[in-house]
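Student: I have a new model open and would like to talk it through with you. Could you start with the overall make-up and then go into the details?

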Amino acid sequence: MSTVTTSPDDAIRKAVASTPRPGPASPVASALAFGWRGMLKVKHVPEQLLDVTITPVMFVLMFTYLFGGAIAGSTGEYLQYILPGTLVMSVLFTTVYSGVALNTDLTRGVVDRIRSLPIWRPSPLVGALLGDSVRYLVAGTVIIVLGVILGFDPEAGIGGVIAALALVVVFAFGLSWVFTTLGLVMRSPNAVMNAGFMAIFPLTFLSNVFVEPSTLPGVLEWFVNVNPISLLSDASRGLMAGNAEASDILISLAVAAGLTAVFMPLTTRLYRSR
Amino acid sequence: MTAHLPPAIEAEGLVKAFGDVRAVDGVDLSVAGGSVYGVLGPNGAGKTTTIKMLATLLRPDGGTARVLGHDVVREAHQVRRAVSLTGQLASVDEDLTGRENLILIGLLLGLRRSAAKARAQELLEAFGLEEAAGRLVKNYSGGMRRRLDIAASIVVTPRLMFLDEPTTGLDPRSRNQVWDIVRELQGAGTTILLCTQYLDEADQLADRIAVIDHGTVIAEGTPGQLKASVGSGALKVRLIDPEQRPQAHEILARELGAVSLEADPARLTATCADADRGALAVSALSEAGVRIADFSLGQPTLDEVFLALTGHTAEQSEEASRGDAEPEPEREEAVA
């Protein structure tokens, strides 16, 4: 530090003196800045990671040991079946929180400043979801590590596990646009949470995450088979076992792209007009 | 000196309706570049809605506005490049530290990370926030939050700054700090549109004032013009010895005319349009041996101006509009 001391007034005068205006931030730079903002919030309130770590652990333990014997004959065999499914479920449940967080943001004054900045319009949303993707990654990793500890054997090895995790996170990024849209049309964070889980809960259970569709009555079996969450679970299972079907992976990615194509512009529009 | 510059803000017939309520109902404004322009009115008068339209956050339902030469609807992005907004709710992120807030804004405005950090440090020092830089903003006092808010608005110096009720809820010391910052900003060449419901704030800071009520501008001019339009000023005298009041009354009535006696037995007020005559009246009192504790000779306060213009005081207007649910849209929209 220099030894020259200045009075507060001088410091203010110097600070307010005109500074050259830099060129505008690129879309990537502004999205990354918002992603950084999301990370900082996790850093300051690490407890908010509890929902993405404790809940999945509970689900894996509960389903494996409570229902495993009854459903699949043995807990070990059932774990092999549901672990990729619980990965899908945990990560998709986490996407609801993206909508909740956005709704909370709107109740704060900072949204006015953000909306008055000369930035690429979707960047606050894209950035927030990039930050959330880290949460998805944490939730997914917790599940896989726990599964391996309990005896889950990914036959395709680490490469298959990483591919499955990546696919699920990409799908979650697409799906979370649905919940950010919800976050912009609902009145309170709680309403977003309730509506979000009311949608995602049945959709997840009416998939092949927990049971073989062939054991279900006709109409239900048909629905479960066309449910994109079933396709994603199949793809995730296949990637971990080394026998993935290209169609499952491609359709999952297409659904994610489709959701993004529809709900990202919708979210951006709503964000601007609210 | 600033008279020949093109106006920083030109608004004509701005209208914004929320449902059936016309929150802004035909506002015209012309703000000279480099000036501090006060928009004065009670809660629910339409100040925040007007600011939000000018700052491109709300699309007007009618009328046009140009900010620094750019249309706020068609050229919204160019407007955003040159203005900054300090909203009514503090426009900073409560879940981040003060330093992180400033770095974030710097990054979003296109600074490199190192430049954003250096600028944040400079602003934190200048605004007396260095010690609190690492604390979460939700733990800041109202005054600290406001200073951070203004610092965030000048991470890159804006050509025009919107300040929406910057001192509402602040203690006098914090309020004076904010006022000093506003004066320095104007000195550095920034045009400032200041919304306030405090009459003395507009009087202290603004070069011109628009008085707004129920979504329309009901008076516009310099603080002096507004006061003059209301009528004459007053000489207020407080005596050391209340016993001398009848004598003082007689002298002031002779020198100035109408004198009113106040509830305080040591005080009297005389209407006085002319400062010279007021000075003569004061010396007449002391020549006659009337001892004066203090006196003031001034134009009417803006409170009196508001009363004269609207027929009700600012507080009454606020209550009246709350009664018929008028401020509802503004509050709703502040939350959104």
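**Talking through the model**

Tutor: Gladly: this is a predicted model, and in it chain A has eleven helices and zero strands. From the N terminus on, the order of elements in chain A is therefore simply α-α-α-α-α-α-α-α-α-α-α.

Student: What are the dimensions of chain A along its principal axes?

Tutor: The C-alpha trace of chain A spans about 80 × 40 × 35 Å along those axes. Of its 274 residues, 46% count as buried, and among the contacts in chain A with a separation of 6 or more, 79% are between residues 24 or more positions apart.

Student: OK, pick a helix. What covers the buried residues of α2(A)?

Tutor: The cover includes α6 (123-150) of chain A together with α3 of chain B, and the buried residues of α2(A) themselves are A:Ser30, A:Ala31, A:Ala33, A:Phe34, A:Gly35, A:Arg37 and A:Gly38.

Student: And why does the end-to-end distance of α2 of chain A agree with what a helix should span?

Tutor: Helix α2 of chain A (residues 27-44) has 18 residues, and at 1.5 Å a residue these should span 26 Å; because its end C-alpha atoms are 26 Å apart, the two values agree.

Student: How about α10(A), how many of its residues are buried?

Tutor: Twelve of the 14 residues of α10(A) are buried, so this helix is mostly covered. The buried residues include A:Ile229, A:Leu232, A:Asp234, A:Ser236, A:Arg237 and A:Met240, and the buried residues of α10(A) pack against α4, α7 (157-185), α8 (189-205), α9 (218-226) and α11 (246-273) of chain A.

Student: What does its length look like, and what comes just after α10(A)?

Tutor: Helix α10 of chain A (residues 228-241) reaches 20 Å from its first C-alpha to its last, close to the 20 Å expected at 1.5 Å a residue. Just after α10(A), A:Gly242 takes a positive phi of about 85°.

Student: Switching topic: which residues touch the most other members of the largest nonpolar core?

Tutor: In that core of 150 residues, they are A:Val168, B:Leu54, B:Leu193 and B:Leu194. Helix α4 of chain A (residues 75-106) gives the largest share of this core, with 16 residues. Another core, of 15 residues, lies apart from it and has B:Ala234, B:Ala270, B:Ala281 and B:Leu285 among its members. As a general background, nonpolar side chains in soluble globular proteins tend to be buried together.

Student: What is A:Val168 in contact with?

Tutor: Leaving aside neighbours within four places in sequence, A:Val168 is in contact with A:Leu87, A:Val88, A:Val91, A:Gly140, A:Leu232 and A:Ser236.

Student: Now the interface: how many residues of chain B are in contact with chain A?

Tutor: There are 40 residues of chain B in contact with 35 residues of chain A. On the side of chain B that touches chain A, α2 (76-82), α3 (98-108), α4 (113-126) and α6 (172-187) of chain B each supply at least two residues, and the residues of that side divide into 23 nonpolar, eight polar and nine charged.

Student: How is chain B divided in the domain assignment?

Tutor: The domain assignment of chain B gives domain 1 (7-221) and domain 2 (232-298), and the centres of these two domains, taken over C-alpha atoms, are separated by 43 Å.

Student: I also clicked on B:Ser153; is B:Ser153 buried or exposed?

Tutor: B:Ser153 is buried, because 26 other C-beta atoms lie within 10 Å, where 20 or more is the cut-off. This residue is in helix α5 of chain B (residues 142-153). Not counting residues up to four places away in sequence, B:Ser153 touches B:Ser84, B:Leu85, B:Thr86, B:Pro158 and B:Met161; B:Leu85 is 68 residues apart from B:Ser153 along the chain, yet their C-alpha atoms are separated by 6.4 Å.

Student: Last one: why is strand β9 of chain B largely enclosed, and which strands pair with β9(B)?

Tutor: Strand β9 of chain B (residues 208-213) is largely enclosed by the rest of the structure because five of its six residues are buried. Strand β3 of chain B (residues 36-40) runs parallel to β9(B) and is joined to β9(B) by four bridges, with B:Gly38 opposite B:Ile209. Strand β10 of chain B (residues 216-221) pairs with β9(B) in the antiparallel sense over five bridges, and there B:Gly221 is the bridge partner of B:Ile209. β9(B) and β10(B) form a hairpin with two residues between them, and B:His214 in the turn has a positive phi of about 50°.

Terms used:
Residues numbered from 1 in each chain as written. Chains lettered and ligands numbered in written order. Predicted model: local features only at pLDDT ≥ 70, side-chain atom pairs only at ≥ 80, totals over all residues. Contact = placed C-beta atoms within 7 Å. Nonpolar A, V, L, I, M, F, W, Y, C, P; charged D, E, K, R; others polar. Expected span 1.5 Å × (residues − 1). Domains from an automatic or database assignment. Core = buried A, V, L, I, M, F, W, Y, C linked by C-beta atoms within 7 Å. Pairing = 2+ DSSP bridges.
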